[in-house]
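Please examine the sequence and the structure shown below.

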Amino acid sequence: MGNMTSIPVELCATFDADEIRRLGKRFKKLDIDGSGSLSIQEFMSIPELQQNPLVQRVIDIFDTDGNGEIDFKEFIGGISQFSVKGDKESKLRFAFKIYDMDKDGFISNGMSVWYCRESTPSLLTSENKKSCELFQVLKMMVGSNLKDSQLQQIVDKTIINADKDGDGKISFDEFCACVGDSLIDDIQKKMTVAV
(Lines give C-alpha, C1' and ligand atoms only; values in the text may rest on other atoms or scores of the structure.)
Protein backbone atom coordinates (compact mmCIF):
# COMPACT_ATOMS: atom_id res chain seq x y z
CA MET A 1 0.00 0.00 0.00
CA GLY A 2 1.31 3.45 -0.86
CA ASN A 3 2.28 5.78 1.92
CA MET A 4 1.27 9.40 2.25
CA THR A 5 4.30 10.67 0.36
CA SER A 6 3.28 8.67 -2.72
CA ILE A 7 -0.20 10.16 -2.80
CA PRO A 8 -0.66 12.96 -5.37
CA VAL A 9 -0.65 16.47 -3.87
CA GLU A 10 -4.18 17.25 -5.11
CA LEU A 11 -5.53 14.32 -3.08
CA CYS A 12 -3.67 15.50 0.01
CA ALA A 13 -5.58 18.76 -0.35
CA THR A 14 -8.84 16.79 -0.26
CA PHE A 15 -7.91 14.79 2.83
CA ASP A 16 -5.89 15.71 5.88
CA ALA A 17 -3.27 13.33 7.33
CA ASP A 18 -5.71 11.83 9.85
CA GLU A 19 -8.29 11.10 7.12
CA ILE A 20 -5.64 9.46 4.94
CA ARG A 21 -4.60 7.27 7.88
CA ARG A 22 -8.23 6.24 8.47
CA LEU A 23 -8.67 5.50 4.77
CA GLY A 24 -5.45 3.47 4.88
CA LYS A 25 -6.83 1.38 7.74
CA ARG A 26 -10.10 0.89 5.86
CA PHE A 27 -8.18 -0.09 2.72
CA LYS A 28 -6.09 -2.65 4.64
CA LYS A 29 -9.23 -4.10 6.17
CA LEU A 30 -10.81 -4.47 2.71
CA ASP A 31 -7.60 -5.93 1.26
CA ILE A 32 -8.31 -9.41 2.62
CA ASP A 33 -5.47 -11.14 0.77
CA GLY A 34 -2.92 -8.45 1.67
CA SER A 35 -1.94 -7.92 -1.97
CA GLY A 36 -1.85 -4.13 -1.70
CA SER A 37 -4.78 -3.76 -4.06
CA LEU A 38 -8.49 -4.50 -3.97
CA SER A 39 -9.95 -7.12 -6.26
CA ILE A 40 -13.51 -6.74 -7.47
CA GLN A 41 -14.63 -9.21 -4.78
CA GLU A 42 -12.83 -7.27 -2.04
CA PHE A 43 -14.25 -3.97 -3.30
CA MET A 44 -17.72 -5.53 -3.34
CA SER A 45 -17.40 -6.25 0.38
CA ILE A 46 -18.17 -2.57 1.03
CA PRO A 47 -21.75 -2.82 2.35
CA GLU A 48 -22.92 0.37 0.61
CA LEU A 49 -21.96 -1.05 -2.78
CA GLN A 50 -23.23 -4.62 -2.48
CA GLN A 51 -26.74 -3.84 -3.70
CA ASN A 52 -25.78 -1.01 -6.07
CA PRO A 53 -26.52 -2.00 -9.69
CA LEU A 54 -23.78 0.38 -10.86
CA VAL A 55 -21.01 -1.07 -8.69
CA GLN A 56 -19.06 -2.34 -11.72
CA ARG A 57 -19.12 1.17 -13.21
CA VAL A 58 -17.84 2.60 -9.91
CA ILE A 59 -15.02 0.05 -9.93
CA ASP A 60 -14.20 0.89 -13.55
CA ILE A 61 -13.93 4.59 -12.66
CA PHE A 62 -11.78 3.99 -9.58
CA ASP A 63 -9.50 1.62 -11.56
CA THR A 64 -7.67 4.31 -13.51
CA ASP A 65 -4.90 2.05 -14.81
CA GLY A 66 -7.41 -0.55 -16.03
CA ASN A 67 -5.67 -3.56 -14.44
CA GLY A 68 -8.87 -4.85 -12.80
CA GLU A 69 -7.77 -4.01 -9.26
CA ILE A 70 -7.80 -0.86 -7.17
CA ASP A 71 -4.55 0.15 -5.48
CA PHE A 72 -4.36 2.63 -2.61
CA LYS A 73 -3.77 5.67 -4.85
CA GLU A 74 -6.79 4.73 -6.97
CA PHE A 75 -8.83 4.14 -3.82
CA ILE A 76 -7.92 7.56 -2.42
CA GLY A 77 -8.50 9.18 -5.81
CA GLY A 78 -11.94 7.61 -6.13
CA ILE A 79 -12.98 8.33 -2.56
CA SER A 80 -11.73 11.94 -2.85
CA GLN A 81 -14.55 12.64 -5.27
CA PHE A 82 -16.97 12.00 -2.41
CA SER A 83 -15.13 14.09 0.16
CA VAL A 84 -16.92 16.94 1.92
CA LYS A 85 -14.04 19.07 0.63
CA GLY A 86 -14.67 17.87 -2.93
CA ASP A 87 -16.26 20.40 -5.22
CA LYS A 88 -19.51 20.15 -7.11
CA GLU A 89 -17.79 19.76 -10.48
CA SER A 90 -15.78 16.70 -9.41
CA LYS A 91 -18.96 15.03 -8.19
CA LEU A 92 -20.69 15.85 -11.48
CA ARG A 93 -17.70 14.54 -13.44
CA PHE A 94 -17.91 11.28 -11.49
CA ALA A 95 -21.65 11.00 -12.23
CA PHE A 96 -20.91 11.73 -15.90
CA LYS A 97 -18.22 9.02 -15.99
CA ILE A 98 -20.79 6.46 -14.85
CA TYR A 99 -22.47 6.93 -18.25
CA ASP A 100 -19.31 7.55 -20.32
CA MET A 101 -18.34 3.89 -20.53
CA ASP A 102 -15.79 4.21 -23.34
CA LYS A 103 -14.15 7.25 -21.70
CA ASP A 104 -14.37 9.40 -24.82
CA GLY A 105 -15.84 12.41 -23.01
CA PHE A 106 -19.37 11.85 -24.30
CA ILE A 107 -22.47 9.86 -23.42
CA SER A 108 -23.58 8.20 -26.62
CA ASN A 109 -26.73 6.59 -27.88
CA GLY A 110 -25.40 4.94 -31.03
CA MET A 111 -27.44 2.22 -32.64
CA SER A 112 -29.45 0.69 -29.86
CA VAL A 113 -28.78 -2.86 -28.83
CA TRP A 114 -32.54 -3.43 -28.73
CA TYR A 115 -33.01 -2.17 -32.30
CA CYS A 116 -30.21 -4.34 -33.63
CA ARG A 117 -31.39 -7.43 -31.81
CA GLU A 118 -35.03 -7.01 -32.85
CA SER A 119 -34.75 -5.82 -36.45
CA THR A 120 -31.31 -6.58 -37.85
CA PRO A 121 -29.29 -8.89 -35.61
CA SER A 122 -26.48 -8.96 -38.17
CA LEU A 123 -25.79 -5.27 -37.42
CA LEU A 124 -25.15 -5.99 -33.74
CA THR A 125 -21.41 -5.75 -33.31
CA SER A 126 -19.24 -5.31 -30.26
CA GLU A 127 -18.73 -1.68 -31.34
CA ASN A 128 -22.51 -1.08 -31.48
CA LYS A 129 -22.97 -2.65 -28.06
CA LYS A 130 -20.25 -0.39 -26.67
CA SER A 131 -21.67 2.76 -28.27
CA CYS A 132 -25.03 2.54 -26.51
CA GLU A 133 -23.68 3.85 -23.23
CA LEU A 134 -26.83 5.52 -21.96
CA PHE A 135 -28.91 2.45 -22.78
CA GLN A 136 -26.45 0.09 -21.06
CA VAL A 137 -26.21 2.11 -17.86
CA LEU A 138 -29.96 2.63 -17.61
CA LYS A 139 -30.44 -1.10 -18.23
CA MET A 140 -28.14 -1.79 -15.27
CA MET A 141 -30.36 0.42 -13.13
CA VAL A 142 -33.80 -0.79 -14.21
CA GLY A 143 -32.99 -4.44 -14.89
CA SER A 144 -36.01 -6.21 -16.32
CA ASN A 145 -38.52 -3.66 -15.00
CA LEU A 146 -38.80 -2.07 -18.46
CA LYS A 147 -38.85 -3.65 -21.89
CA ASP A 148 -35.82 -2.79 -23.99
CA SER A 149 -38.05 -0.92 -26.43
CA GLN A 150 -39.41 1.27 -23.60
CA LEU A 151 -35.93 1.91 -22.30
CA GLN A 152 -34.71 2.84 -25.79
CA GLN A 153 -37.52 5.40 -26.05
CA ILE A 154 -36.30 6.99 -22.81
CA VAL A 155 -32.72 6.98 -24.13
CA ASP A 156 -33.77 8.56 -27.44
CA LYS A 157 -35.80 11.30 -25.73
CA THR A 158 -32.99 12.00 -23.29
CA ILE A 159 -30.44 12.34 -26.08
CA ILE A 160 -32.77 14.57 -28.12
CA ASN A 161 -33.49 16.84 -25.14
CA ALA A 162 -29.92 17.04 -23.84
CA ASP A 163 -27.99 17.19 -27.12
CA LYS A 164 -27.94 20.94 -27.71
CA ASP A 165 -25.27 20.94 -30.44
CA GLY A 166 -26.94 18.16 -32.46
CA ASP A 167 -23.95 15.81 -32.61
CA GLY A 168 -25.95 12.82 -31.35
CA LYS A 169 -24.19 12.55 -28.01
CA ILE A 170 -24.11 14.32 -24.65
CA SER A 171 -21.04 16.30 -23.62
CA PHE A 172 -20.20 17.07 -20.00
CA ASP A 173 -21.59 20.61 -20.36
CA GLU A 174 -24.81 19.26 -21.89
CA PHE A 175 -25.02 16.72 -19.06
CA CYS A 176 -24.74 19.51 -16.47
CA ALA A 177 -27.39 21.57 -18.26
CA CYS A 178 -29.67 18.53 -18.47
CA VAL A 179 -29.20 17.70 -14.80
CA GLY A 180 -30.11 21.27 -13.77
CA ASP A 181 -29.29 23.21 -10.63
CA SER A 182 -31.73 21.46 -8.29
CA LEU A 183 -30.45 18.01 -9.25
CA ILE A 184 -26.85 19.22 -9.13
CA ASP A 185 -27.37 20.20 -5.49
CA ASP A 186 -29.00 16.82 -4.83
CA ILE A 187 -26.09 14.99 -6.49
CA GLN A 188 -23.61 16.96 -4.40
CA LYS A 189 -25.43 16.05 -1.18
CA LYS A 190 -25.81 12.36 -2.06
CA MET A 191 -22.22 12.04 -3.27
CA THR A 192 -20.64 13.41 -0.11
CA VAL A 193 -19.35 11.24 2.69
CA ALA A 194 -17.39 12.16 5.77
CA VAL A 195 -14.19 10.19 6.22
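What percentage of the 195 residues in the protein is buried? Buried residues make up 40% of them, where buried means under 20% relative accessible area, exposed over 50%, and partly exposed in between (1.4 Å probe, protein chains only).

This is a predicted model, in which local features need pLDDT of at least 70 and side-chain atom pairs count only at pLDDT 80 or more, while totals for chains, interfaces and linings use all residues. Residues are numbered from 1 along each chain as its sequence is written, and side-chain values use heavy atoms, with hydrogens and water left out.

The protein contains twelve helices and four strands; helices (H or I, at least four residues) and strands (E, at least two) are DSSP runs, numbered from the N terminus.

**The second largest pocket**

A pocket is an open set of points on a 1 Å grid over the protein atoms alone, where a 1.4 Å probe fits, with protein on both sides within 12 Å along at least five of seven lines; lining residues have an atom within 4 Å of a point. The second largest pocket has a volume of about 360 Å³, a volume being the space filled by probe spheres set on the points, which are joined across faces, edges and corners. Its lining has 21 residues, and those closest to the centre are I61, F62, T64, Q81 and K97. By type, the lining divides into five nonpolar, six polar and ten charged residues. Here Ala, Val, Leu, Ile, Met, Phe, Trp, Tyr, Cys and Pro count as nonpolar, Asp, Glu, Lys and Arg as charged, and the others, Gly among them, as polar.

Helix 6 gives the largest share, five residues. Because domain 1 (9-81) and domain 2 (88-191) both contribute to the lining, the second largest pocket lies between them; the domain bounds come from an automatic or database domain assignment.

**Selected helices**

Six of the eight residues of helix 5 are buried, so helix 5 is largely enclosed by the rest of the structure. These are V55, R57, V58, I59, I61 and F62. The buried residues of helix 5 pack against several elements, including strand 2 (70-71), helix 6 and helix 10.

In helix 10 (residues 133-142), E133, L134, F135, V137 and L138 are buried. G143 follows helix 10 and has a positive phi, near 60°.

C178 lies in helix 12 (residues 172-190) and is partly exposed, with a relative accessible area of 45%.

Definitions and conventions:
Contact means heavy atoms within 4.5 Å.
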